[in-house]
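Here is a walk through one protein model, written for someone meeting it for the first time. Have the sequence and the 3D view open as you read.

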Amino acid sequence: MIKIENVSKEYKKGNTVIKNLNLEINDGEIFGFLGANGAGKTTTIKMMTGILKIDEGDIFIDKYSISKNPIEAKMNIGLVPDNPDIFLKLRGIEYLNFIGDMYDVSKTDRITKIHEYSVKFGIEEVLNNKIESYSHGMKQKLQIISVLLHNPKNWILDEPMTALDPTATFELKNLMKEHARSGNVVFFSTHILDVAEKICDKIAIIDNGKLLFVGTYDEIKKELKENKPLEELFMEIIKNEKEN
């Protein structure tokens with residue numbers, strides 16, 4: 001599970017971008033993290049994965065503190081970042097082997113998985129090309145495969161469907177469901193609210209670093225007393241927050 005406890009973050013003194021955030025993501029859940037651009041989603045994910053320092057509070061990945069036990073915590077994380085431009089001078093296969101080395105994936109397993117997932121996501125023919133030659137969508141697919149390669153318990157995905165073609169989006173959604181059904185965590189941010197409505201067990205809505213709602217789609221409908229698509233309910237919650 002992932003537990004976020006009383007987490008706050010400032011980029012400048014007096015400019016708090018995350019305000020006393022508390023969340024618990026349980027094993028077996030697909031958890032959607034929703035918010036507008038600048039709401040604090042990526043900042044939260046960067047703190048969850050140890051990229052950004054936490055100013056107050058702590059985050060636990062399977063009981064390991066990302067602040068106090070970063071290596072142990074990170075061994076249980078697979079991150080797809082919001083920007084896939086990583087190690088652009090490497091060839092795709094070199095990057096995947098680098099990830100395999102980092103996470104002690106055996107040669108037999110990595111050969112099998114690299115073949116399986118590169119075919120599934122349609123990039124097997126470009127693995128020997130440099131990443132800098134890839135389209136945005138191809139880079140995104142490579143990042144997803146790198147997570148699948150070492151198959152950590154907790155997937156943390158920042159806008160993972162950005163630039164993916166329909167086939168890759170379909171495959172990713174199925175893999176997310178399968179991962180959660182196996183008792184693991186899938187935590188992902190997204191702007192595609194109809195996807196969140198259909199596949200998430202729980203959602204959280206954040207605005208200006210403040211948590212506005214956490215629960216199921218049925219619970220948000222019950223709270224607002226309206227049977228509407230998640231997209232409309234999301235807009236209503238944001239509107240209510242601004243008016244208050």
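Let's start with Gly57, which counts as partly exposed because its relative accessibility is 44%. (Buried means under 20% relative accessible area, exposed means over 50%, and partly exposed is in between, with a 1.4 Å probe and protein chains only.) Gly57 sits in strand S4. Leaving aside residues up to four places away in sequence, Gly57 touches Glu5, Asn6 and Val7; contact here means heavy atoms within 4.5 Å. Asn20 is 37 residues from Gly57 in sequence, and their C-alpha atoms are 7.9 Å apart in space.

A quick word on the ground rules. This is a predicted model, where local features need pLDDT of at least 70 and side-chain atom pairs count only at pLDDT 80 or more, while totals for chains, interfaces and linings use all residues. Residues are numbered from 1 along each chain as its sequence is written, and side-chain values use heavy atoms, with hydrogens and water left out.

Back to strand S4, which belongs to an open sheet. Four strands make up this sheet in the order S2-S1-S4-S5, with antiparallel pairing. Its edges are strand S2 (15-25) and strand S5 (64-65), each of which pairs on one side only. Strands and helices are DSSP runs numbered from the N terminus (E, at least two residues, for strands; H or I, at least four, for helices), and two strands pair if DSSP finds at least two bridges between them. S4 (residues 56-61) and S5 are joined by two bridges in the antiparallel sense.

Six strands form it in the order S6-S7-S8-S3-S9-S10, and the pairing is mixed. The edge strands here are S6 and strand S10 (210-215), each pairing on one side only. On average, neighbouring strands of this sheet are turned by 15° against each other, direction ignored. Within it, S3 and strand S9 (residues 202-207) run parallel and are joined by four bridges. Across that pair, Phe33 stands opposite Ala204 in S9.

Where does helix H1 lie? Helix H1 (residues 41-48) lies across strand S1 (2-12), S2 and S4, and runs at about 115° to S1. H1 also lies across S3, S6, S7, strand S8 (185-189) and S9, running at about 145° to S7. For these angles, axes are lines fitted to C-alpha atoms, for helices over the stretch in contact, and the angles run from 0 to 180 degrees between N-to-C directions.

Now for the charged side chains. Side chains of opposite charge can pair when their charged atoms come close. The structure holds 16 salt bridges, each being a side-chain nitrogen of Lys or Arg within 4 Å of a carboxyl oxygen of Asp or Glu. Three of them are set out here.

| Salt bridge | N to O distance |
|---|---|
| Glu24 and Lys3 | 3.8 Å |
| Asp27 and Lys153 | 3.5 Å |
| Arg110 and Asp101 | 3.0 Å |

Take the salt bridge between Glu24 and Lys3. Glu24 lies in strand S2 and Lys3 in strand S1, so the pair ties together parts that are 21 residues apart in sequence. Glu24 is partly exposed at 36% relative accessibility, and Lys3 is partly exposed at 31%.

Then there is the salt bridge between Asp27 and Lys153. This pair links distant parts of the chain, 126 residues apart: Asp27 is in the loop between S2 and strand S3 (30-34), and Lys153 is in the loop between helix H5 (136-150) and strand S7 (154-158). Asp27 is partly exposed, with a relative accessible area of 38%, and Lys153 is partly exposed at 25%.

Elsewhere, salt bridges that share partners join Lys3, Glu5 and Glu24 into one network.

One more stop is Lys242, found in helix H9 (residues 230-243). Lys242 counts as exposed because its relative accessibility is 59%. Leu211 is 31 residues from Lys242 in sequence, and the two are 13 Å apart in space, C-alpha to C-alpha.
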